[in-house]
Every structure is written in C-alpha cells, then in structure tokens.
Amino acid sequence: MAVSDVVVTTPAAVSKWNVEGEAMCPHRLVLEHVTSRWGVLVLIQLLDRPHRFSELRRAIGRVSEKMLTQTLQTLERDGLVHRDAKPVIPPRVDYSLTDLGREAAEQVQALADWTSRRMDAVLKAREEYDAARG
C-alpha cells in the first residue's frame, strides 16, 4: 500500500492538511523529510545526544557536506532539529532534537529496530521472489 492509498477516517486525524489527490500537501512533505535517506540517519543519530556538524557527518558516514547541510536545514525548518550556534572562535554549532524531533526520531528508531529484527524474513522473501523469476 502506498502512502497515497491511505485513507484517514478518524475525526481527530481529519484536518485542513488532508487534501485528497494533492501530491505535495504539507504532511506528505514532512513524511518525506523524516523518511529521507539522510533524514532517518540524522534523526536516529541525534537521539543519543547533540552533535557538532563534523561529528554528525562522521557518525552517519558517506554523506556529503551539501546533503547533510540541506537535510539539517530541512529538519530545522520543520521544527525537528535545533541549531545552536555559539559565538566563539572558531565557530561552534551543535545540532539537537526538539521535543517534536525526539517524537519523530523515536518513531523512526522503532521502524529501524523492526527492520533489524525482521531482516531474515526480508532476505528469505527476496530469495523466493528471485527464484520464482529466475
């Protein structure tokens, strides 16, 4: 089932943001930001503690400065990440999760944990799929 196939029917979930057929409505954009390749890794990494840019980049690995900067800016704009620039020389900038970001990161971490627990079943399904088309 695709995200676009989900039908929200509970009164609490119905809002001005649920626009049928609108591909880029705000909640879908936030979902894209949170579940993007680098967004997932940033959120999970920041769950433990705040990080400076360079240590966050090292911890995530294989992410360019440009992509990490864009990801952090997007998550900051969405209210998920807090950027704390200290007026010292050399400049020091720390990134941490906001309360909203922590809530999102815990959900992403749960999905990552599920993936880790169920990886054997996924690999088996892939083997069966490939064998059937083989």
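Helices here are DSSP runs of H or I with at least four residues, and strands are runs of E with at least two. In this predicted model, the chain comes to five helices and three strands by that count. Along the sequence they follow the pattern α-α-β-α-α-β-β-α.

Q: What makes H3 and H4 contact partners, and which residues meet?
A: Contact means heavy atoms within 4.5 Å. Phe53, Leu56, Arg57 and Ile60 of H3 meet Glu65, Leu68, Thr69 and Leu72 of H4. By class, this contact has five nonpolar, one polar and two charged residues.

Q: How do you know that S2 and S3 pair?
A: Pairing needs at least two bridges found by DSSP. Strand S2 (residues 81-86) and strand S3 (residues 92-97) share six bridges, in the antiparallel sense. They therefore count as paired. Lys86 stands opposite Arg92 in S3. The two strands form a hairpin, with five residues between them.

Q: What does "buried" require, and what percentage of the chain's residues count as buried?
A: A buried residue has under 20% relative accessible area. Of the chain's 134 residues, 22% count as buried. The accessible surface comes to about 9,800 Å², and 54% of that surface belongs to carbon and sulfur atoms.

Terms used. Residues numbered from 1 in each chain as written. Predicted model: local features only at pLDDT ≥ 70, side-chain atom pairs only at ≥ 80, totals over all residues. Heavy atoms only, no water. Nonpolar A, V, L, I, M, F, W, Y, C, P; charged D, E, K, R; others polar. Buried < 20%, exposed > 50% of the residue type's maximum accessible area, 1.4 Å probe, protein only. Areas by Shrake-Rupley, 256 points an atom, 1.4 Å probe, with all protein chains shown as cover.
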